[in-house]
Amino acid sequence: MFPSRRALALSLSLLATPLPALAQTAQPAPAAPKLIVTIVVDQFSANLFNQYRSRFTGGLKTLADQGLVHANGFQTHGVTETCPGHSTVLSGMHPATTGIPANDWVDARTGQEVYCLAAPRNTLAHGRNTDNGPVGPDQLEVTTLADWLKDQSPQSRVFAVSGKDRGAINLNGHKGDGAYWFTEGFGLTTYVEPGQTAEARLAPVAAFNARLIETLKAQPPAWTYAFEDCRALEGDWTIRDAAFHSTVPPANYALDSSPQLDEMTLEAAEHLLETQALGRRGVTDMLGVSLSATDRIGHGYGTQGPEMCEQMHRLDAALGAFLTRLSDVPGGALVVLTADHGGSDFVERLAARGYPQAHRVDPEGLRGVNAQLRQRFDLSADPLQSGGSGLLVADAEHRALPEPLRTQVAEAAVELLRRTPDLAFAETRERLLAEPLPASTLNPEMLTLRERMRLSTVADRSPDIAFAWAPNAVAGGRVGGTIAGHGTPWDYDRRVPILFWWPGAAGQERFLPIRTIDIAPTLAHVMGVQTPQLEGRCIDLGGFGTAPCATPAP
């Protein structure tokens, strides 16, 4: 039976009437967090996160179970190295815009290698010219969340700590209060700008350094099995005719290539948290933590052996203790964890485990291209030389060939390289730069190989020729050095976890992809910090009572 018109009209009027009782139950929005913690785990691929996810019991379990889990995060660009990857996280920009295309590049005028964070005007606080030499944020051509916060709230404090200078400095930005990293025989060091003193720059970590040196003297570092499930992964391999016994401790054990490096870094982060009263002073503070051991272990021993197994378990445990400390921050803490890039296992083990196409590249292919170019252009030296994660067109002193010869050689080289076995991509820098940057709205999974490489190309810094080997085809490799790596445009190097967490958060799985360039605008929105125009987008977290992100313009 149909209702009468009168009854229908009454029902519609009731539906249109506000319900004041429900409106009164709305809870006041909690305040924005007073501490933002950005954790970057160097070489922590989405593959590693997913592989060990069910075995985590500490901090990574907390993040995975109670956080907002974006298992399909992406470093969108093609040259997936540490410095460019870190440059994206708090800038909201691709490496093509941050000005950091690789860990280093070659100055075409002088033929000299330039480190990605080189700053010749600075000195190092420990008084010796070690590691990567004088460094600072000078080469980073964009501002970061740390800078935007300091502009808006000068009393806010920003610190970063890492096993590597490029991990700490990128997270500290141009205006942060201190970027610290470990150097052998000293502890944490930093850079000193003209007019500053080393003593003042090191003051926030001086007590930590003194305690660390005494601890290491009393108990020299060692690496033994702590998790028996890892022992089953031991094995013997041959890498370029050299024997490699995969075990713990490794034959070439070093403190900075062991789980203890990350444990020390998190202890330093806790020191800064407490001594600088971060998140406890009524303003928003930031703490950046870049954990380098996963990368060094992955390079030295691969990702599928007992070494990485131990690293995953011990990293998980150390992060658990660190998150417990963050839970005590009275102003509330928001944590984001991601990676600067992913990584893959060494190809010999991949080939034995069902991927027969995984192999080391025969260097004769590139030598043959050089021989043809020398003959065609009557050159006295090989014109193609490795540099800046690509190929230079240069003379014997690594200086750029004069124009128009340089361009002619580069274009001829590209045509020859494209016919070289195992090479999936080759293009000149100028042709890539002539193309617009891919639209920032594109799904990172759908970017073409060419678009990925374009996002890594920077004028005057990128090599003359960008190239990429085929998937699971790698050059080089040496037992006792680097036997596995990253840096490619393939998804095992691009795909990383992106996890957001705060104490009391409800776990949520989000399977659609986001990008590391989306982290800065998301955090800025939560913090109420104004940003410049960014290539990343704000992601709704649903926490801290923040309003939804603004709808992007069509």
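Predicted model: local features only at pLDDT ≥ 70, side-chain atom pairs only at ≥ 80, totals over all residues.
User: How many helices and strands does the protein chain have?
Analyst: Both are DSSP runs, numbered from the N terminus: helices are H or I of at least four residues, strands E of at least two. Here there are 21 helices and 22 strands. The radius of gyration is 25 Å, close to the 24 Å of the globule rule for 554 residues, so the chain is as compact as a globular protein of that length. The radius is taken over C-alpha atoms; the rule is 2.2 Å times the number of residues to the power 0.38.

User: How many aromatic pairs are there?
Analyst: Rings of Phe, Tyr and Trp (its six-membered ring) pair if their centres lie within 6.5 Å; planes under 30 degrees apart are stacked, over 60 edge-to-face, the rest tilted. The count is six. In one of them, the rings of Phe244 and Phe346 have centres 5.9 Å apart and planes at 85 degrees, so the pair is edge-to-face.

User: Where do Phe244 and Phe346 sit in the chain?
Analyst: Phe244 is in strand E11 (residues 242-246). Phe346 is in the loop between strand E13 (333-338) and helix H15 (347-352), 102 residues apart from Phe244.

User: Is Phe346 buried or exposed?
Analyst: Buried means under 20% relative accessible area, exposed over 50%, partly exposed in between (1.4 Å probe, protein chains only). Phe346 is buried, at 0%. Phe244 is also buried, at 8%.

How values were computed. Residues numbered from 1 in each chain as written. Heavy atoms only, no water.
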